[in-house]
Amino acid sequence: MSVSIPAPRSQRIDPKYKRGPKSRGSFEMLAWLFMRLSGVVLIILIFGHLFSNLMVGEGISGIGFGFVAGKWASPLWQFWDLAMLWLAMLHGTNGVRTIINDYAEKHATRAWLKGILYVATIFIIVLGSLVIFTFDPCVTGSTLPQC
Amino acid sequence: MWSWVGHRVTGVVIFLYLLVHVLDTAMVRVDAGAYDAIISTYQTPWMALGETGLVAAILFHAFNGLRLILVDFWKQGTKYQRQMLWGVLILWVIVFAGFAIRHLSIAFGSH
Amino acid sequence: MQVHKYDVVIVGAGGAGMRAAIESGQRARTAVLTKLYPTRSHTGAAQGGMCAALANVEEDNWEWHTFDTIKGGDYLVDQDAAEVMAKEAIDAVLDLEKMGLPFNRTPEGKIDQRRFGGHTRDHGKAAVRRACYAADRTGHMILQTLYQNCVKHNVEFYNEYYVLDLLLVEEDAYREDGTAYKQKRVAGVVSYDLATGELHVFQAKSVIFASGGAGKVFKTTSNAHTLTGDGMGIAFRAGLPLEDMEFFQFHPTGLAGLGILLTEGARGEGAILRNSDGERFMERYAPTIKDLAPRDIVARAMANEVREGRGCGPNKDYVLLDLTHLEPEHIESKLPDITEFARTYLGVEPFTDPVPVYPTAHYAMGGVPTNINTEVLQDNDTVIPGLYAAGEVACVSVHGSNRLGTNSLLDINVFGKRAGVAAAEYSKTADFVELPQNPEAFVSAQLEGVLNGTGTERVAELRSILQETMDANVQVFRDERSLKEARDVIEDLRRRYKNISIQDKGKRFNLDLLEAVELGFLLDLAEVITVAALHRKESRGGHYREDYPDRDDENFMKHSMSYRDAEAVTEDIKGIRMETKPVVFTRYQPMERKY
Amino acid sequence: MSTELPEPPSKIELKPGVGGGGEVPSFDITLRVRRYLPEATADAYWEDFKLTMYGTDRVLDALHKVKWDHDGTLSFRRSCAHGVCGSDAMRINGRNRLACKTLLKDLDTSKPITVEAIKGLPLEKDLIVDMEPFFQSYREIMPFLISKGHEPTKERYQSAEDRERFDDTTKCILCAACTSSCPVFWTDGQYFGPAAIVNAHRFIFDSRDDAGDMRLEILNDKEGVWRCRTTFNCSEACPRGIQVTKAIAEVKQAILARTV
Ligand SMILES: Cc1cc2nc3c(=O)[nH]c(=O)nc-3n(C[C@H](O)[C@H](O)[C@H](O)COP(=O)(O)OP(=O)(O)OC[C@H]3O[C@@H](n4cnc5c(N)ncnc54)[C@H](O)[C@@H]3O)c2cc1C
Ligand code: HEM
Ligand code: SF4
Ligand code: F3S
Ligand code: FES
């Protein structure tokens, strides 16, 4: 059986191999730099977080509403978790953005996936920040003594 | 190459977990009881295993991330990348073992 | 079939072709047709260096270089051409440096130079440091630099286009003395696009042949699989003469059994040859410059040691190149690639063990005859307007009967540049020559013939018989008996070639088909080489006849010119006519060649 | 600088058995080739060839043996046969290498040796891919010396150290083994690829060149150096032993240094 196939190699360069327009500015560089800087900071933040939540005291069993409330009573931990939230989300989002760029071949797919990603990211960051800032130890159902 | 695959996979896993984790933590703003209920599912042995896996992922991603940063910024980084990969793996095994022993004993011990 | 029109068409994208393209591309509409991607050309394999009397490290001048070239070529060199080359060598090197070639440097930052076989100061007094180099990758750097500059100047390449025919038309013309002759003119070339199997005719005002050598007529060779002498074969079939084809250079130091080259630069840096007794035998053959004697002399000395039973190894069929007395760091910095070759391919560690070597077929001194302006000649002195040749395919003749090391990289740069300029300038004054009717007819018939062949012979088998017989009979030592033997085998192969068939009948990347076509060229050239060698009953340079061991200036101080001629019979071979062409002398009279 | 050495001795004792020797051993192999003949069948498939080969034979010799003695339709590129022209990069046992530089005896001959075309470039036939996209990226980084100011009459001077600075990347033979082993290049083929960056590096760090900034600008792109994820496949694949990832890292640093 013989299949008909287009002539393989054109004279110069086939338009389908043409690279898209050059990206302006240094966004990719800054993103790259950010990944590394945030990575270093995240190590401290995440390790600290994991250590204080899972290693110290009763570990996972000790976690509950009270535990969280106790932590967020201190501005240090508030700030800690806030920084962690922002950095991790931006770091992760940018990471997933590269992955989408790598594997989504069609322009439209890329745009869609990235759209979803950005919406999710913004939602989570906003939500998380709100939760930390407006945290109220006496929310409904709280059994803490001070309420 | 496989270190990169690992880094990528762990990165995505952590990211997905993070999404969920922020959502569940957000429950503290809604209802303290609901939050405790959710957290208690984290305290079942199955979830403990999952947590352990997650920490394994974070540890690998973190250590290997450090290696990548060294490759990028340290002059000899590219030369010693392979040795550093071994270092990452060794460190990972040690730290992870330490964590797993403590975490699993708490998780299983409390039930 | 498609027809393209260009002012200048260059066949081949090795050093010579691309050097020409850089010049021509800036002056006229130029296309470069090449059967390989340009950077795959065999110029990239050259290692040692490129000579020019820069006098960067010690006293030197281009006249000494001229003399060495002439003496090295055993006085068969056209001296006007040698002068041009040695004089323009200096600019050729500087041009390359300006194009960006990363030469090795002296402590002051100038281009460094090293010794090379046959290059001497003051007419043979002592070895001189004349070869400019970039480690043992000089050819690689030249090829890359030239390609880079082609990219810079936007040269149009047609990659993997095999040129298979040269379109010449003949006109009646009269010489000054009134005699009539047929003047050939170039109309273009026919090429085959490997990717699609389509034929493309290129109509051009000027055509430059720069298609490289023909080492694959031999089995043991430093040359690439693709160096099948296409350019020479095409010219010969188109009725042009081939000059001095009996002179083929055998490089002394090929890796034993494989033919992969270890540069003469190794000996330039101090390596020496030893036989099975551990003896530095070159002291006997060339007492003054010993291991740095010209290649023909060293190659014969090696073959002689082996023949007299002082070879090494289980079959006593090679000698040893000894680098063990040199500093490892020195070797590693000056000769990194060749030490790797020894390790990779023979498993020998050159720092501690000597490396098995034996002469390997290396360079065709002969080729398509041109004058010093690179214009191709249709006989001893009639120029074919618009047709040029440069590089290994051509015979200017600057190498005479034996090329000196480094002079070929020089040749391709000096004469490549000249060809590019001349072809472009000519195209500005000339008109297109009308294409003949069905210009592709010859090639398409030939290809159809092979594709539809139903014979029983296999291309690979015929080729390996050819290569073996050439190695056995037309190598470093030749005599009447061996040459006749080779001739008979070739005759038989030519008969069998008519009866070949191939397995790949497709149109895309049909390398099976092209190997068959290439074998045709190899057979033609092997025959010419053998007949010319039979005809030259003397020994000179690369051509050593044991039955005529001396140089015979009286009868043979002249170039040989082989023509295809259906009528003629030479040395019992039908179809080849041998003529001669005088050697050009300017100031150096022949002397005995002693080192 | 050829050092002046004392004359070596006229005669030395050779170690017994020096220069190798003994019978060249022969062995049997199975060569498993990924065939693709678009004029005959639409899909690629594996085909096995059983061959008897010898001690110093390379994968290229095995391919030649198939083509010349068994199946003339098997198509692959090659020229120099000793690792300097860059024609025959292919995937051998899952790793990119030059067929002419890979000795059979260095592979595990008890199992079939797999040979397939390099990945990421459009496949044309058997082991042949379309190299145009690869060379296109190479051309885009302006791989030629650009020097402002007037030309000196003689050569430009360059110290041995300045020459050494970019030595590693001058060795590139454009074989594409690196680019076609890069998992980022595999994804969509838009990435400039390590080979183009290597060749940019060769000029960016050449003290004679004045257009380094332009090249850095070209590579400071979404398809440029920042797409490299330091997977090191390229460095492992390079048959010339070029420290490819290192070169890429140096270019990244240069872009950073220039913008920050
Ligand atoms: C291993 C080795 C080491 C050497 N070392 C040195 C050295 O140190 N110093 C020195 O001076 N010389 C050296 N030489 C010799 C020198 O390298 C060559 O003679 C010279 O490079 C030939 O250049 P070229 O441009 O004529 O041909 P090549 O570089 O061989 O190029 C031939 C070109 O023609 C094309 N071509 C061929 N046939 C066709 C066709 N039918 N249609 C279209 N295109 C075609 C090919 O694609 C190729 O691009 C060495 C040679 C070898 C083999
Ligand atoms: C613990 C500290 C962390 C460090 C040191 C770190 C480091 C890095 C580095 C250096 C990179 C860039 C890799 C490259 O460019 O090749 C990276 C990528 C990535 N990171 Fe992290 N990271 C950390 C935490 C996280 C977290 C918490 C997440 C999830 C939210 C995450 C998700 C990702 C993702 C998805 C990528 C992209 C992977 C890829 O492109 O292959 N990382 N990380
Ligand atoms: S860098 Fe190495 S692998 Fe890449 S093209 Fe150049 S020589 Fe080949
Ligand atoms: S393989 Fe690719 S990801 Fe970077 S290190 Fe090499 S270019
Ligand atoms: S054939 Fe030239 S690199 Fe392998």
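A residue is called buried here when its relative accessible area is under 20%. The structure shown is a predicted model.

Figure 1. C:Asp136 sits in the loop that links strand E5 (126-132) to helix H4 (138-152) of chain C. The relative accessible area of C:Asp136 is 2%, and the limit for a buried residue is under 20%, so C:Asp136 is buried. C:Thr263 is 127 residues from C:Asp136 in sequence, yet their C-alpha atoms are 7.5 Å apart.

**Figure 2. Helix H5 of chain C and the residue that follows.** Helix H5 covers residues 230-237 of chain C, and 7 of its 8 residues are buried, so the helix is largely enclosed by the rest of the structure. The buried residues are C:Asp230, C:Gly231, C:Met232, C:Gly233, C:Ile234, C:Ala235 and C:Phe236. Just after H5(C), C:Gly239 has a positive phi of about 95 degrees.

**Figure 3. Crossing of helices H12 and H15 in chain C.** Two packed helices are described by the angle between their axes and the distance between the axes. Here the axes of H12 (residues 441-452) and H15 (residues 511-535) of chain C come within 10 Å and cross at roughly 115 degrees. Angles of 65 to 115 degrees count as roughly perpendicular, and H12(C) and H15(C) are therefore roughly perpendicular to each other. Their crossing is right-handed. From H12(C), the residues in contact are C:Gln446, C:Leu447, C:Val450 and C:Leu451. They meet C:Leu513, C:Ala516 and C:Val517 of H15(C). This contact between H12(C) and H15(C) has 6 nonpolar residues, 1 polar residue and no charged residue.

**Figure 4. Chain C as the setting for these views, with its neighbouring chains.** Chain C contains 16 helices and 20 strands. Its C-alpha atoms fill a box of roughly 65 × 55 × 50 Å along the principal axes. Buried residues account for 71% of chain C. Of the contacts in chain C between residues at least 6 apart in sequence, 74% join residues at least 24 apart. Among the 5 pairs of chains that touch, chains C and D have the most contacts. Chain B and chain C share no contact, and their closest C-alpha atoms lie 20 Å apart.

Note on methods
Residues are numbered from 1 along each chain as its sequence is written. Chains are lettered from A and ligands numbered from 1 in the order in which they are written. This is a predicted model: local features need pLDDT of at least 70, side-chain atom pairs count only at pLDDT 80 or more; totals for chains, interfaces and linings use all residues. Side-chain values use heavy atoms; hydrogens and water are left out. Axes are lines fitted to C-alpha atoms, for helices over the stretch in contact, and angles run from 0 to 180 degrees between N-to-C directions. Helices (H or I, at least four residues) and strands (E, at least two) are DSSP runs, numbered from the N terminus. Angles under 35 degrees count as roughly parallel, over 145 as roughly antiparallel, 65 to 115 as roughly perpendicular and the rest as oblique. A crossing is left-handed if the near helix is turned anticlockwise from the far one by less than a right angle, and right-handed if clockwise. Contact means heavy atoms within 4.5 Å. Ala, Val, Leu, Ile, Met, Phe, Trp, Tyr, Cys and Pro count as nonpolar, Asp, Glu, Lys and Arg as charged, and the others, Gly among them, as polar. Buried means under 20% relative accessible area, exposed over 50%, partly exposed in between (1.4 Å probe, protein chains only).
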